[in-house]
Amino acid sequence: MNVVVLNTVLSNTGDAAIFEAIAHTLQLNSADPIEFTALDSAAAQASQLYPQWKIIQQPTRSTRGSRALRAASSRLRTTAVRIITRSAVARRAVFLLGARTDFVHALRQITEADIVLSSGGTYLVDHYNFGHRVAEIAFAHALKKRVFLWTQSLGPFATEQSRKLAEELVPLVDGVYFRDARSERAWQSVGPLPALSDVCADVVFSLYDPLKKQARRSEDQPLVLFSVRDWNQAVAGGDFSFESYAAAMRAAAEGFIAKGWRCQAVSTCQGVDGYAIDDSETARRIFGGLQMEINSDFHSPQELMAILRGADLVIATRMHMAIMSLITETPVIAIAYETKSTELFHSIGAPASVTAIEAVDDAWAAMVTGSDDPTATAARLDEKQLNALRANASKPAEAVALVSGLRK
C-alpha cells in the first residue's frame, strides 16, 4: 500500500511531528505494511534530517536559484500541473519529455499512490496563496485518487483569492478533518462537507511519549523554556507590534532570572541550513545580553520532547511546541499568533493559559512572573486527558483506513 502525503514542510519540527503522527496512526489501523512518501517543499534538506523517510520534492515548489527565480519557477510549475490536470494528452507529453526531471518524478508518486493525503496544518488560510496546493490536490483527484485532508486550521476565506481557491478545493476531497469548529464553519461557508468529516484533536496528540513518567530533573534550579518567533500581524484584529511582543518576552525572561530560574530559548523552527525560518535568530535579537541560553540546534520531535520533559515550564509561541509540552505533561503558557492556539487551549479547558500575541505586553510579563508559582496559570494535562486526546486525534486514521480497505 502506497500513501503519498502532500504539503509537508519537514524542516519544521512541528510539521515533522504531524507527518510522524499521521504515519503512526494510519499504520496502526492497517492490516498491511504501508509505504509513506512525503512531497516536501524542501526535500533535499528534509531528507538529510530524516533519512529513514521517503521524501520527494513537491512538484509545485522550487528550491533552486534566487528567491525571485524560485517564485517564478513555482508559478510555472503550478501552471503546468493545472494544464496536465485538464488534459491527458498534455500529461502524457510532459511525462515523456520530462521523464528524468524532479517535477515528473514527484507527479509519478501521486499517479502510483493508493491514497493521497494532505498533511495537517495551517496553510489553507487567507494570508497565504494556497493555489499550488489546490493544483496538486486537483491533479490527484483527476487521476481518481481518494484524497483526504488531515486535521486543518483553515479559513476564514474572507478574501476574494482565498474564497475562490477554497471553492475550487471543496469538491476535490473525499474527507476533511478540522482542529476546531471555527475551521469547519469556514469550510461550510464555501461548500458542503464531504461524507468523511469531523472535528478532531491535532494529530500530534496521537504521539506517545514513553519516557514522560521518568524523573524529570535532578537539578534544584527550575528551568523555563521560551519559544519565540518573528511575526507581523494580530491574531484577533487590531494593532500588533513585534517590538511590544519582543519587549514583553524579554521582560518575562528578566523576571524569571531575577527569581533564580534558568532560562533557555528553543523552538520547532531552527537549526536547518537554508530553511527560511530560524527562531533561534529571533531569540538572539530578543534576549541578547541576558543570562539566556540559546539552543540553536535542530531537534527531531522525539529529541524536542526529551528537552521539554526536563523543563518546569514552557512559554510557547509555536503551537506544536505547546502540544509537545502537553504530551510530556510539562506546564505550558501559550501565545497565540493564529487562532489555532486559542482554539486549542479553549478545547482542553485552559483558556487562561493562552494569550493573543497582540496582548503580550509588560502587564502580561508581570502576571506570568509575579506569582510565587509561575506554573499556576499554565496548562497541564494528566494521563486520562491525554488518553482521550490521543483517541480523538486517531479518529481520521481509523475512518480513512476503514473506507480505504486498509483494515482487516
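What follows goes from a helix to the cysteines and then to a pocket.

This is a predicted model: local features need pLDDT of at least 70, side-chain atom pairs count only at pLDDT 80 or more, and totals for chains, interfaces and linings use all residues. Residues are numbered from 1 along each chain as its sequence is written, and side-chain values use heavy atoms, leaving out hydrogens and water.

**Helix H7**

Select residues 160-169, helix H7. Helices here are DSSP runs (H or I, at least four residues), and strands are runs of E (at least two), numbered from the N terminus. Color Ser162, Leu165, Ala166 and Leu169: these are the buried residues of H7. Look down the axis of H7: its buried residues fall within an arc of 100°, so they line one face of the helix. The arc is taken from the directions from the helix axis to the C-beta atoms. Buried means under 20% relative accessible area, exposed over 50%, and partly exposed in between (1.4 Å probe, protein chains only). Now turn to the other side of H7, where Glu160 and Lys164 are exposed.

**Cysteines**

Select cysteine 263, buried at 1% relative accessibility. Next, pick cysteine 269, buried at 0%.

**Largest pocket**

Select Val9, Ser41, Arg61, Arg133 and Ala276, which lie nearest the centre of the largest pocket among its 49 lining residues. A pocket is an open set of points on a 1 Å grid over the protein atoms alone, where a 1.4 Å probe fits, with protein on both sides within 12 Å along at least five of seven lines; lining residues have an atom within 4 Å of a point. Then show H3, which gives the largest share of the lining, eight residues.
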